Amino acid sequence: LALEEQRAASTTWILFSLGVVVVYLLLAALYESFLDPLIILLTVPIALLGALIGLKLRGLPLDVYGQMGLLVLVSLAAKNGILIVEFANQRLAAGMALEEAILGAAINRMRPILLTAVTSLAGFLPLLLAQGSGSASRISIGTVVFSGLLVSSWLSLFVVPAVYLLLKRWRLA
């Protein structure tokens, strides 16, 4: 079983990267832009960083269950970027200035992002604190999603608007 997991570990990151590329292409088709999906998917490395920090703090390996948790985490983290970018694009289309559009989007979307994050974190808390037989898999998934979502939700409120402003200003100049 350990040998199978080692063999699968090398292909897992290739498949994970391929999945991120597919999501990028789908978002590029949806937004009809190559820049907006890049801003949205910036939340993915932030979430992965949080997940790996959480695993390191708890002394857990990145096993198969943790890798499944990473898949869940990517979708939850990208949601925050989608909320901010979509609202900022709507405000830009309405004729607002770039700084006003992204600042207003970040402020207006902060409450839904934080409320969604708090409810998701509360939902993953039982997995994080699991005990008993079979709890190792639940603890691994819970740690990855909980810590990644915690870091991603907090940092995406600052990083996504800053990168949006930087890249859109460069593109509009």
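Predicted model: local features only at pLDDT ≥ 70, side-chain atom pairs only at ≥ 80, totals over all residues.
Trainee: Why is Lys168 said to form a salt bridge with Asp36?

Mentor: The closest N and O atoms of Lys168 and Asp36 are 3.0 Å apart. A salt bridge requires a side-chain nitrogen of Lys or Arg within 4 Å of a carboxyl oxygen of Asp or Glu, so the pair qualifies. The two residues belong to distant parts of the chain, with Lys168 in helix 6 (residues 135-172) and Asp36 in helix 2 (residues 35-40), 132 residues apart.

Trainee: Are these two partners, Lys168 and Asp36, buried or exposed?

Mentor: Lys168 has a relative accessibility of 5% and therefore counts as buried, since the label applies under 20%. Asp36, with a relative accessible area of 3%, is buried as well.

Trainee: How many salt bridges does a search of the whole structure find?

Mentor: The search finds two. Besides Lys168 with Asp36, Arg169 forms a salt bridge with Glu99, and their closest N and O atoms are 3.0 Å apart. Arg169 lies in helix 6 and Glu99 in helix 5 (residues 98-128), so this pair ties together parts that are 70 residues apart in sequence.

Trainee: What makes Arg169 and Glu99 partly exposed?

Mentor: The class covers values between 20% and 50%. Arg169 has a relative accessible area of 42%, and is therefore partly exposed. Glu99 stands at 41%, so the label holds for Glu99 too.

Trainee: What is the corresponding span of helix 3, and which of its residues are buried?

Mentor: Helix 3 (residues 43-58), with 16 residues, reaches 23 Å from its first C-alpha to its last, close to the 22 Å expected. Its buried residues include Thr43, Val44, Ile46, Ala47 and Leu48, as well as Gly50, Ala51, Gly54 and Leu55. Gly59 follows helix 3 and has a positive phi, near 70 degrees.

Terms used:
Residues numbered from 1 in each chain as written. Heavy atoms only, no water. Helix = DSSP H or I, 4+ residues; strand = E, 2+ residues; numbered from the N terminus. Expected span 1.5 Å × (residues − 1). Buried < 20%, exposed > 50% of the residue type's maximum accessible area, 1.4 Å probe, protein only.
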